[in-house]
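Hi everyone, thanks for making time for this.

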Amino acid sequence: MSSNFQRREFLRLAGLGLGLGVSGNFALGADKSKTLSVAREHTNYHAFGEMPLVRASQDRIVKETVGLRPFRESGPNLTHEKIGEKSVFHNYGHGGSGWSLSWGTSTQVTQEALSTGEEEFAVIGCGAVGLTSAIILQRAGKKVSIYSKDRHPNITSSVATGVWSPDSRICLKEYATEEFGAWWNKTCRTSFKMYQTFLGLPGSPIEWTDSYAVSNKPWDAEREKDPNDTQPEYGHFNDYVKDLTPQFVELKKSENPFSEPYAKKGSRMIFNISAYHQTLLNEFTSLGGRLYHREFTSPSQFSELPAPVIINATGLGSKTLFNDKQMRPVRGQLTVLVPQPELHYGFANEEAYVIPRRDGVVLGTISNGIIDSTDLNVNPQQSYDAVSAIAKSMTASKIAKSLA
Ligand SMILES: Cc1cc2nc3c(=O)[nH]c(=O)nc-3n(C[C@H](O)[C@H](O)[C@H](O)COP(=O)(O)OP(=O)(O)OC[C@H]3O[C@@H](n4cnc5c(N)ncnc54)[C@H](O)[C@@H]3O)c2cc1C
């Protein structure tokens, strides 16, 4: 892994990929986010109220999960084809951005599927992408059934970090063309807009939280090379949507509640996955949707379904079901601590990050992606390291010292 990559990954996971000139390997020309007539400047407000500590402690681990991101080299497959009598619309291959982009790609794919004029639809898969596609079709008044071999909590969507990360592992660098960027920009904006309609609902499916990133080195310093990381160069597009989210700004020494000398603060949107998944499922069933347990071993089996139009949202399942050789799993492991309802901020140092989800305090290491790995076993050392790295920052913080 290049040190440049690790710096980008740290800044991205820290929520700092925006506005720092870290768009990485996709050279953007003029500012593509010029959709605003009024500049969105940052006004600084001091943190108010007491800040709780992240209770990072090995004995508070309640869950360790491993998931395989459904990464596709040239980006999600949103094409369609005729298989026998059925019209099949693909919607898979979202990498590390499946929750974030689900409303965007599903809007595009379902619009095309609706243009068939049919009244009944089948969706294969009930992850982030399948459920969202099904709901959009139902909102258009159509009859929808979902068929899936697994469901929450035994699917990739259930083991995601749960942050707005729309350009995470979305394509390889060589596919990051201007055309792809323009498509991504549109798709990302559609998704973002939809997510704001889920704010303030019971169970807080979607929330905005403060987020801090700290460093012992200046932000533009080179980061150490990790010899074990085999990450390829991915496309990055976040500069297109700088205007969508609040800026991350550097804190003055007096405003920095941590011991690391460099700190930034911003806001980021998070997905409380348990509550959000349940919100989607409730809407699907309340609109008359039925969910069937069914595994497909060949697309020819689609002919057995009553619906004439099918949305294929099988994620990594498409690698074998459709023999898609562009699909490459990217392994990721998360460590979940006992929920802390009082915790209202996210945090990242150079080794690990914390997401303050309602369904558990989620920790991950900064280098948290192994491409082409299908190893679903938990690596206990990785969990240990994530918790230790956060504990180190917390115990040394000015917050801890003020409580001592
Ligand atoms: C560690 C980790 C962290 C992540 N963090 C984030 C994040 O913070 N933000 C973000 O936006 N994204 C994140 N992602 C990515 C995100 O989880 C995925 O992009 C997303 O879950 C993909 O959704 P999906 O519906 O396409 O796939 P899945 O959730 O895998 O759903 C596929 C569905 O298809 C079904 N299926 C598959 N094959 C068949 C078959 N042959 N027959 C019948 N049914 C089948 C499955 O049972 C399942 O129901 C993360 C992923 C991982 C692993």
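This is a predicted model: local features need pLDDT of at least 70, side-chain atom pairs count only at pLDDT 80 or more; totals for chains, interfaces and linings use all residues.

The chain has 404 residues, and buried ones make up 57% of them. As for secondary structure, there are eight helices and 15 strands. And how far apart in sequence are the residues that touch? If you take contacts between residues at least 6 apart in sequence, 80% of them join residues at least 24 apart.

Okay, on to the inside. In soluble globular proteins, nonpolar side chains tend to be buried together. Here the largest nonpolar core has 46 residues, and the ones touching the most other members are Trp 103, Trp 184 and Tyr 195.

Leaving out anything up to four places away in sequence, Trp 103 touches Thr 132, Ile 135, Ile 136 and Arg 139, then Thr 190, Ser 191, Met 194, Tyr 195 and Phe 198, and finally Tyr 276 and Leu 280.

Now for the ligand. What does the shell around it look like? There are 37 residues around the ligand, and the ones that come nearest are Gly 95, Ser 100, Ser 148, Ser 157 and Val 163. By type, the shell divides into 13 nonpolar, 19 polar and five charged residues. At least two shell residues each come from β1 (61-72), α2 and α3, and β1 gives the largest share, with four.

Here are some individual atom pairs to look at. A polar side-chain atom of Ser 148 sits 2.7 Å from an oxygen atom of the ligand. With Lys 149 we're looking at the backbone instead: one of its N or O atoms is 3.1 Å from a ligand nitrogen atom. Phe 296 also has a backbone N or O atom by a ligand nitrogen atom, at 2.9 Å. How much of the ligand gets covered? Taken alone, the ligand exposes 990 Å², and the protein buries 97% of that.

Let's stay with one of those shell residues, Ser 100. Ser 100 is in helix α2. Is it buried or exposed? Its relative accessible area is 1%, so Ser 100 counts as buried. Beyond its sequence neighbours up to four places away, Ser 100 touches Val 163, Trp 164, Ser 165, Pro 166, Ser 191, Tyr 195 and Phe 271.

Next, His 277, which you'll find in helix α5. This histidine has a relative accessible area of 5%, so it is buried too. Apart from neighbours within four places in sequence, His 277 is in contact with Cys 126, Leu 131 and His 152.

And His 152 takes us to some backbone geometry. Most residues other than glycine have a negative phi, and most peptide bonds are trans. Against that background, the peptide bond from His 152 to Pro 153 is cis, with omega near 10°. Pro 153 is in the loop between β5 and α4. Arg 169 is in the loop between β5 and α4 as well, and its phi is positive, near 50°. Arg 169 is at 5% relative accessibility, so we call it buried.

Asn 323 has a positive phi near 50° too. You'll find Asn 323 in the loop between α6 (318-321) and β11 (327-337).

Last stop: Ser 298. Where is it? Ser 298 is in the loop between β9 (290-293) and β10. With a relative accessible area of 25%, Ser 298 is partly exposed. Its side chain makes a polar contact with the side chain of Ser 300, at 2.8 Å.

Happy to go back to any view.

Definitions and conventions
Residues are numbered from 1 along each chain as its sequence is written. Side-chain values use heavy atoms; hydrogens and water are left out. A nonpolar core is a set of buried Ala, Val, Leu, Ile, Met, Phe, Trp, Tyr and Cys residues joined through side-chain atoms within 4.5 Å. Buried means under 20% relative accessible area, exposed over 50%, partly exposed in between (1.4 Å probe, protein chains only). Contact means heavy atoms within 4.5 Å. A residue is near a molecule or strand if one of its heavy atoms lies within 4 Å of it. A polar contact is a pair of N or O atoms within 3.5 Å; within protein, one must be able to donate a hydrogen and the other to accept it, and residues adjacent in sequence count only if both atoms are side-chain atoms. Accessible areas come from the Shrake-Rupley method with a 1.4 Å probe; for residues, only the protein chains shown count as cover. Ala, Val, Leu, Ile, Met, Phe, Trp, Tyr, Cys and Pro count as nonpolar, Asp, Glu, Lys and Arg as charged, and the others, Gly among them, as polar.
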